[in-house]
Amino acid sequence: MTSPVVPLGFAWLEVTGRCNLECAHCYADSSPRGTHGTMTVDDWTDTITQLADMGTRDVQFIGGEPLLHPHIERLIVHARTAGLTVEVFSNLVTVPERLWRVFTEHGVRLATSYYSDTAADHDAVTERKGSHARTRASIQRAQELGLTLRGGVIQVQPGQRTVQAQQDLKDLGLTVVGADRTRAFGRASQGAVPTVADLCGHCADGKVAIGPDGSVWPCVLGRFITLGNVRETPIADIWNGPSVRRARSEIQAALGTGPAQTCTPPQFLPMCGPCSPCVPSVGHCDPRIADAPAATIGTPART
């Protein structure tokens with residue numbers, strides 16, 4: 001019997017592997033040496049159209065640093081014109097004035113990572129002096145413009161003042177603020193080979209990630225599991241095909257999870273606040289740390 005089709009409600013669009021920072025914990029291993037990949041702007045617009053046609057509601061542009069993509073403005077406008085809700089996950093270090101106009105005119109949501117209330121600690125994570133001041137200034141600009149902005153604080157180094165960082169974001173006016181731990185992917189893995197057991201168990205349930213070369217993954221962390229490529233196969237055929245059903249079954253079996261009711265990594269998802277409880281039956285975006293003390297995972301922020 002064919003498994004019932006799970007609607008694809010959300011897609012990460014990882015438009016670039018290039019970043020102006022080089023964070024030690026980057027799951028995507030992005031850096032200034034990264035590239036925009038082989039997906040052309042027409043490939044991306046066609047994929048966005050396909051997502052809208054199959055009923056996808058939300059997309060998130062991510063990277064790398066998505067604002068470095070030369071056609072990010074066109075892609076954002078195309079997605080909004082297609083009726084999709086758009087969130088851009090950016091480090092907010094450099095936001096061109098034209099993009100602030102795009103964000104406001106097209107109702108774009110923003111999300112960012114923040115590492116400490118002190119410049120020294122934040123810049124130590126990003127490995128770029130001055131990044132804290134520039135990100136913080138952009139957060140203030142977003143607030144002044146009335147944009148919707150989520151903030152996530154990731155614990156990377158000991159003594160990083162993550163609790164104070166969350167409070168700093170709240171003091172800046174953010175209402176959705178949470179925290180997350182470093183996850184052992186990309187540079188943070190320190191060379192360890194990722195496995196299905198490293199995932200949360202809810203990947204490919206209502207969401208996929210599409211990479212700079214067109215590869216489709218169960219989520220942005222599950223990039224070692226390739227489900228297909230949108231340059232070769234329509235996204236609807238990939239989503240409803242055997243590779244997704246097989247990956248979904250293998251992930252759920254390995255993690256002992258049932259049908260997905262929650263999602264991870266929380267800081268990358270616009271439909272819930274970073275580390276928010278999603279439903280009472282699960283209680284936390286990562287079941288493995290659901291019982292962790294609040295001081296460890298941060299104060300949850302409900303939608």
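Backbone, helix packing and cavities

R161 is found in the loop that runs between strand 5 (149-155) and helix 6 (162-171). The model is a predicted one. In it, the phi angle of R161 is near 65 degrees, which is a positive value in a residue other than glycine. Most residues other than glycine have a negative phi, and most peptide bonds are trans.

G63 and G64 are joined by a cis peptide bond, with omega at about 15 degrees. G64 itself lies in the loop between strand 2 (58-62) and helix 2.

Helix 1 (residues 41-53) and helix 2 (residues 72-81) have axes that come within 10 Å and cross at roughly 15 degrees. Angles under 35 degrees count as roughly parallel, and helix 1 and helix 2 are therefore roughly parallel to each other. Their crossing is right-handed. On the helix 1 side, the contact is made by V41, D42, W44, T45, I48 and T49, and on the helix 2 side by R74, L75, H78 and A79. Sorted by class, this contact of helix 1 with helix 2 has five nonpolar, three polar and two charged residues.

Helix 2 also packs with helix 3 (residues 97-105), at an angle of about 5 degrees and with the axes 11 Å apart. That angle makes helix 2 roughly parallel to helix 3. Here I72, E73, I76 and V77 of helix 2 meet R98, L99, V102 and F103 of helix 3. The residues of this contact divide into six nonpolar and two charged, with no polar residue.

The axes of helix 4 and helix 5 come within 8 Å and cross at roughly 105 degrees. Angles of 65 to 115 degrees count as roughly perpendicular, so helix 4 is roughly perpendicular to helix 5. The residues that meet are A119, H122, D123 and T126 in helix 4 and S131, H132 and T135 in helix 5. By class, the contact of helix 4 with helix 5 has one nonpolar, five polar and one charged residues.

A search of the whole structure finds three cavities of 30 Å³ or more. The largest cavity holds about 410 Å³ of space. It is lined by 29 residues, of which H25, Y27, F89, S113 and Y115 are the closest to its centre. Two elements give two or more residues to this lining, namely helix 4 (119-126) and strand 6 (176-181). By class, the lining of the largest cavity divides into twelve nonpolar, twelve polar and five charged residues.

Methods:
Residues numbered from 1 in each chain as written. Predicted model: local features only at pLDDT ≥ 70, side-chain atom pairs only at ≥ 80, totals over all residues. Heavy atoms only, no water. Axes fitted to C-alpha atoms, helices over the stretch in contact; angles between N-to-C directions. Helix = DSSP H or I, 4+ residues; strand = E, 2+ residues; numbered from the N terminus. Parallel < 35°, antiparallel > 145°, perpendicular 65-115°, else oblique. Left-handed = near helix turned anticlockwise from the far one by under 90°. Contact = heavy atoms within 4.5 Å. Nonpolar A, V, L, I, M, F, W, Y, C, P; charged D, E, K, R; others polar. 1 Å grid on protein atoms, 1.4 Å probe; cavity = no way out; pocket = protein on both sides within 12 Å on 5 of 7 lines; lining within 4 Å. Points joined across faces, edges and corners; volume = space filled by probe spheres on them.
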